[in-house]
Every structure is written in structure tokens, then in C-alpha cells.
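Good morning, and thank you for joining.

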Amino acid sequence: MQNTGGVGVGSASIVLVFAVLCLTIFSLITFIVASNDRALVEAEVNLVVGYYEADTLAELILADILQADEIPANARGVEIMTHWHNSLEMETVYFYTRISDFNALYVHLAFLEDTFKILSWRMSDTGQWEYNPGLNVFIED
């Protein structure tokens, strides 16, 4: 007697191999996404830690400037620049502390008689911007 109905052993093996292959591919994709997310989180942590270290150094430099009789040219290894601001009609102080290879904390202060005013205290990129004309999206004839 011959069995003509049902699922054969070969087709069950093919389905099993396909299921294992799909699970392997999905697990690899999940692993790659998780490792990329980890790299992004580590970069963000390094940026935040670097920012607060630069902010602490900038606060210490500000304290050194306030305690000095005159504005020093260098404090804690950071060059301090002075500039006469025409619109404010007062001398301003400018310095920056490094956050990373590509970012710095820029501080711009104005000193009044017995106090100071923060004109800007911001993080900015230090890299050079390069124009790339190589991408021609619209081509005119």
C-alpha cells in the first residue's frame, strides 16, 4: 500500500532549515543594531563627560580672572584674549576650552566695574567645513 497524502520528510526539513536561517539572520541584524547603538551611546557619553570637564575648567578660569588684579593672558593652560567691544563700549574677554577633537566650549565675557556679564557660553564645532560640489542632483541641458 502506498501513502500518497501528508507532508514528507524532505519538505519538513526544508521548512526547518528555512526557519533556522531566518532566525539566524534576524539575530545577526539584532546584534549589529545593538552594537551600533552601543557605539552611539558611548560617543554621547564621551561628549557629555568632555563638556562638563570643559565647563568645569571654564568656571575655574573665570574664578582665576575674577581673583586677579588684571586679566591674565593665560590661565590653567588656556589662552585668554581681550577685545574692546565697540557697541558695548567695554573690554570683553574671550577664551575656549577643548571638549573633544571636534568640539570646544567658547566663553565670551564682559567685565563691568565690580561684576561681569556672560555674553556667550556655548559649545561649537572646531572642524573646518569643506564644500563638496561633486553631487549633481539637477542636471540642466
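Which strands does α1 lie across, and at about what angle does α1 run to β5? Before answering, I note that this is a predicted model, in which local features need pLDDT of at least 70, side-chain atom pairs count only at pLDDT 80 or more, and totals for chains, interfaces and linings use all residues. Residues are numbered from 1 along each chain as its sequence is written, and side-chain values use heavy atoms, with hydrogens and water left out.

Helix α1 lies across β4, β5 and β6, at about 25 degrees to β5. Helices (H or I, at least four residues) and strands (E, at least two) are DSSP runs, numbered from the N terminus. Axes are lines fitted to C-alpha atoms, for helices over the stretch in contact, and angles run from 0 to 180 degrees between N-to-C directions.

The four strands form an open sheet in the order β3-β4-β5-β6, with antiparallel pairing; two strands pair if DSSP finds at least two bridges between them. At the edges are β3 (81-85) and β6 (116-125), each pairing on one side only. Between β5 and β6 there are nine bridges, and V107 has W121 in β6 as its bridge partner.

Within β5 (residues 103-111) sits H108. H108 is buried, because its relative accessible area is 19% and buried means under 20% (exposed is over 50%, partly exposed in between; 1.4 Å probe, protein chains only). Beyond its neighbours within four places in sequence, H108 has contacts (heavy atoms within 4.5 Å) that include H85, Y94 and S120.
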